[in-house]
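Please open the structure in your viewer and keep the selection panel at hand.

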Amino acid sequence: MNISEYHNGDSQRLGTVSQAPAKFIQICASQDDLFALDAEGSIHQYNFNAKTWVKLVASRSHEGRT
């Protein structure tokens, strides 16, 4: 299932909801965010409202780079 995430003024990021994500090898927490890295190198963000992990889709912006 695809969903759109919007957080703290960031641009929209598309991701997939993970019912049973892969085993996480690293977790990073800030005051109001929780991220995890799985063994395949995918990054997941915890959605506290839905109480589930969302796999983030990588995108790179080349704007502003010289």
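This is a predicted model: local features need pLDDT of at least 70, side-chain atom pairs count only at pLDDT 80 or more; totals for chains, interfaces and linings use all residues.

**The chain as a whole**

Residues are numbered from 1 along each chain as its sequence is written, and side-chain values use heavy atoms, with hydrogens and water left out.

Now display the surface. The chain exposes about 5300 Å², of which carbon and sulfur atoms supply 50%; accessible areas come from the Shrake-Rupley method with a 1.4 Å probe, and for residues only the protein chains shown count as cover. Of the 66 residues in the chain, 24% are buried. Buried means under 20% relative accessible area, exposed means over 50%, and partly exposed lies in between (1.4 Å probe, protein chains only).

**Strand β4**

Next, select residues 34–38, which form strand β4 and include phenylalanine 35. Phenylalanine 35 has a relative accessible area of 25% and is therefore partly exposed.

**The aromatic rings**

How many aromatic pairs does a search of the whole structure find? The search finds three. Rings of Phe, Tyr and Trp (its six-membered ring) pair if their centres lie within 6.5 Å; planes under 30 degrees apart count as stacked, over 60 as edge-to-face and the rest as tilted.

Select tyrosine 46 and phenylalanine 48, an edge-to-face pair with 4.9 Å from centre to centre and 75° between the planes. Tyrosine 46 is partly exposed because its relative accessibility is 21%, and phenylalanine 48 is partly exposed as well, at 48%.

Then select tryptophan 53 together with tyrosine 46. Their ring centres are 5.2 Å apart and their planes stand at 70°, so this pair is edge-to-face. Tryptophan 53 has 14% relative accessibility and therefore counts as buried.

Finally, select Phe24, Tyr46, Phe48 and Trp53, which ring pairs link into a cluster.

Methods: Helices (H or I, at least four residues) and strands (E, at least two) are DSSP runs, numbered from the N terminus.
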